[in-house]
Amino acid sequence: MKEVISNADFLDIINIVKLQYGYDFTGYAQASIKRRLLRFMGHMRLDSVFELKHRLVNDQDLFARLMQYITVNVTEMFRDPAFYRSLREQVLPKLAAYPNIKIWHAGCSTGEEVFSMAILLQEAGLLSRTKIYATDLNPTNLERAATGILPLDNMKDFTQNYIQSGGLADFSNYYTARYDNVLIKKELRRHIAFFQHNLVTDKVFNEFQLICCRNVFIYFNRDLQNSVLQLFFDSLSSRGYLAMGLKETMRFADIHGKFETVHAYHKIYRRKE
């Protein structure tokens with residue numbers, strides 16, 4: 001019989017993670033987390049939910065592996081190319097008015113979309129006066145992102161995305177090939193700071209002209225979405241921009257009246273005065 005996770009067992013697991021490791025997943029969509037837990041149990045050949053709970057209490061390495069399943073790691077450079085074209089055409093020209101630009105990528109995963117933003121800024125002549133703060137819940141993702149190393153096999157698809165986004169140069173100019181990997185150029189990476197930030201528990205840490213948090217909200221319940229949107233509102237400068245994922249919306253959020261829509265399809269919003 002296929003193992004299932006009851007609501008009681010789910011709460012036990014969430015409480016173990018919260019109390020033992022300090023990560024609070026109570027506001028995440030329960031069905032999504034349950035699916036990820038079951039996949040993890042299959043991968044680790046854990047025979048029961050009881051065994052999972054027991055191992056979580058006693059094995060910190062197991063929790064580190066579990067984090068790779070719970071957190072969202074699906075990403076690519078210039079993901080949704082038309083979105084990046086909208087940033088290029090509608091947002092960056094407005095950011096050019098600021099003497100110094102601060103951008104927050106929340107839920108940056110392994111960095112591909114952050115590197116994409118750096119390339120956009122470079123081509124707009126804005127990178128030299130921009131600092132990009134790239135944060136994620138998962139420290140393993142951040143360690144990988146900070147290296148600037150990506151698989152060479154992915155670059156063909158990334159190049160097509162870049163071209164479709166309105167890229168202005170030869171995409172290969174932005175990285176150096178090394179055997180089976182590529183290294184993103186240092187002049188792009190030097191403007192990026194990768195560090196851990198928890199959207200559930202951590203607070204405002206700077207004021208930004210643009211916040212990108214794409215394809216993260218779909219894993220939050222309504223209360224957590226409202227809480228994080230308030231965090232973003234408080235973190236934006238007056239008339240600052242917020243970009244969300246294509247399947248996400250601010251329409252039903254408590255705070256939606258404090259934002260105006262810049263691009264409805266690409267989910268780009270702007271904080272009102």
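Residues are numbered from 1 along each chain as its sequence is written, and side-chain values use heavy atoms, with hydrogens and water left out. Because the model is predicted, local features need pLDDT of at least 70 and side-chain atom pairs count only at pLDDT 80 or more, while totals for chains, interfaces and linings use all residues.

User: How are helix α3 and helix α4 oriented to each other where their axes cross?

Analyst: Helices here are DSSP runs of H or I with at least four residues, numbered from the N terminus, and axes are lines fitted to C-alpha atoms over the stretch in contact, with angles from 0 to 180 degrees between N-to-C directions. The axes of α3 (residues 49-58) and α4 (residues 60-70) come within 6 Å and cross at roughly 115 degrees. Since angles of 65 to 115 degrees count as roughly perpendicular, α3 is therefore roughly perpendicular to α4.

User: Which residues of α4 make the contact with α3?

Analyst: Contact means heavy atoms within 4.5 Å. On the α3 side, the contact is made by Leu 52, Arg 55, Leu 56 and Asn 58. On the α4 side, the residues are Gln 60, Leu 62, Phe 63 and Leu 66.

User: How is α2 oriented to α4, given a packing angle of about 130 degrees?

Analyst: Helix α2 (residues 30-44) packs against α4 with the axes 9 Å apart and an angle of about 130 degrees. Angles under 35 degrees count as roughly parallel, over 145 as roughly antiparallel and 65 to 115 as roughly perpendicular, with the rest oblique. By this scheme, α2 is oblique to α4.

User: How many of the 12 residues of α6 are buried?

Analyst: Buried means under 20% relative accessible area, with a 1.4 Å probe and protein chains only. The buried residues of α6 include Val 114, Phe 115, Met 117 and Leu 121. The helix is largely enclosed by the rest of the structure, because the number of its 12 residues that are buried is 11.

User: How far apart are the end C-alpha atoms of α6?

Analyst: The expected span of a helix is 1.5 Å times one less than its number of residues. For the 12 residues of α6 (residues 112-123), the span should be 16 Å, which agrees with the separation of the end C-alpha atoms, 17 Å.

User: Is Leu 19 buried or exposed?

Analyst: Leu 19 is found in helix α1 (residues 7-21). Exposed means over 50% relative accessible area, so at 76% relative accessibility Leu 19 counts as exposed.

Technical notes. Helices (H or I, at least four residues) and strands (E, at least two) are DSSP runs, numbered from the N terminus.
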